[in-house]
Amino acid sequence: MADKFDLIVIGAGPGGYVAAIRAAQLGLKTACVEKWIDKEGKTVHGGTCLNVGCIPSKALLEASHKFVEAQHDFDDMGIQAGDVTMDVKKMMARKDKIVKNLTGGIAGLFKANGVTALEGAGKVLSSKQVEVSKDGEKTVYEADNIVIASGSVPVDIPPTPLTEGLIVDSTGALEFEETPKRLGVIGAGVIGLELGSVWNRLGSEVTVLEAMDSFLPMVDQAVSKETQKLLKKQGLDIKLGARVTGSEIKGDEVVVKYADSEGDKEITFDKLIVCVGRRPYTQGLLDDDAGVKLDERGFIFVDDHCRTSVPGVFAIGDVVRGPMLAHKASEEGIMVADIVAGHKAEMNYDAIPSVIYTFPEVAWVGMNEQEAKAAGIEVKCGTFPFAASGRAMANNATEGMAKVITDAETDRVLGMHIVGQHAGEMIAQGVIAMEFGSSAEDLALTCYAHPTMSEAVHEAALAVDGHAIHMANRKKRK
């Protein structure tokens, strides 16, 4: 039997590595198991988020957005940039460098905090034992506590089996070496819209096929409608109610068959990205005698404190219920580490923000208006368009709006939804407001710096009771 630990974490993604570091900082003898191997054959940390998700996609989104700005927006500001071109290979190399810097940084954090890094595939055995397999060798470790943070993987669909270089998942879409002329994206969710935006900006003719009839149903209806309009204006052809039924490879092209309200159709692409969601990764993770139960969707069953059906065994992140978000996993990791160390801790699942990093960004937290009404809550809402914001005008970013949703009886903030430049940064105001049980009046009485994009949130809060200053002035001027 190998070393015994106070805590063993399986998975070094944004949930796992944060849990391991926190636990070590609290004085627990901690190990973290990771099996991810990079192109050079080395074990890397950071999981999907750092390696093939959040970070590399944002690097491409930022580069492609600056490319579009230089092409179309600089002239309005008096900047003469001339003919602007994009070196896709150089853009990809920059993305890879960022990923390498961040994943390498986690190894440094492990060392600095005394976390033992175990390389290989982790498997939960009975009696809180963890088997780590690498290169045919297996080592069994004992632990007083285990945290499962194995993450998720992209969902495959039978009509479009992955075909190297032609039909790819989100990981493959981050590795294109040149801009495809015709790009298909299956799924108009967060990942599909972000990846579609990248390649649309770089010159692809992008068609998004979404099986659902509604666009971004989790977002407030007013905000999702505005977002759909803006993305369409940018060139994304988003087809709702389009259910993919099959595909065929013809040379270097992909012919996709789909059905909509008008009947059966087909469309040809040079590349196809499948972005229909992710599923929890539990393959080879649990021994038959481990005792850890899964729910009907394949997620590990946990309570509000991420405890599984086995005492001392926890699970966090994408492998459990709730949104598959890196920051949600990280916060769960901190909560669990605190609990294992003997502290009281909990997490507010009603105040987890979500962001789509298109341009403009889309961000939200809490309920949308339709959800609140469906729950029988009488609501009051306030909105403010960035078209009336001085800073947005100066930034040449007047598209979008901010919306605050409150309980009509108590004025308590139930949700905030924003589409606009830096929406992902501004949504933190809504998260903090909800975390502290703030009212719209609290936001309205707060002094915001001028001129800032965040003033839109201030004005939206004032508008809940019809007191938005600049909207009132605009109406008078009209």
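A salt bridge is a side-chain nitrogen of Lys or Arg within 4 Å of a carboxyl oxygen of Asp or Glu. This is a predicted model, in which local features need pLDDT of at least 70 and side-chain atom pairs count only at pLDDT 80 or more, while totals for chains, interfaces and linings use all residues. Residues are numbered from 1 along each chain as its sequence is written, and side-chain values use heavy atoms, with hydrogens and water left out.

The structure holds 25 salt bridges. Arg 182 forms one with Asp 270, where the closest N and O atoms are 2.8 Å apart. This pair links distant parts of the chain, with Arg 182 in strand β9 and Asp 270 in the loop between β14 (263-269) and β15 (271-274), 88 residues apart. Helices (H or I, at least four residues) and strands (E, at least two) are DSSP runs, numbered from the N terminus.

Arg 182 also forms a salt bridge with Glu 253, again with closest N and O atoms 2.8 Å apart. Glu 253 belongs to strand β13 (residues 253-260), 71 residues from Arg 182.

How exposed is Arg 182? At 22% relative accessibility, Arg 182 counts as partly exposed; buried means under 20% relative accessible area, exposed over 50%, and partly exposed in between (1.4 Å probe, protein chains only).

I turn now to strand β2. In β2 (residues 30-34), 5 of the 5 residues are buried, so the strand is largely enclosed by the rest of the structure. Thr 30, Cys 32 and Glu 34 point one way, and Ala 31 and Val 33 the other.
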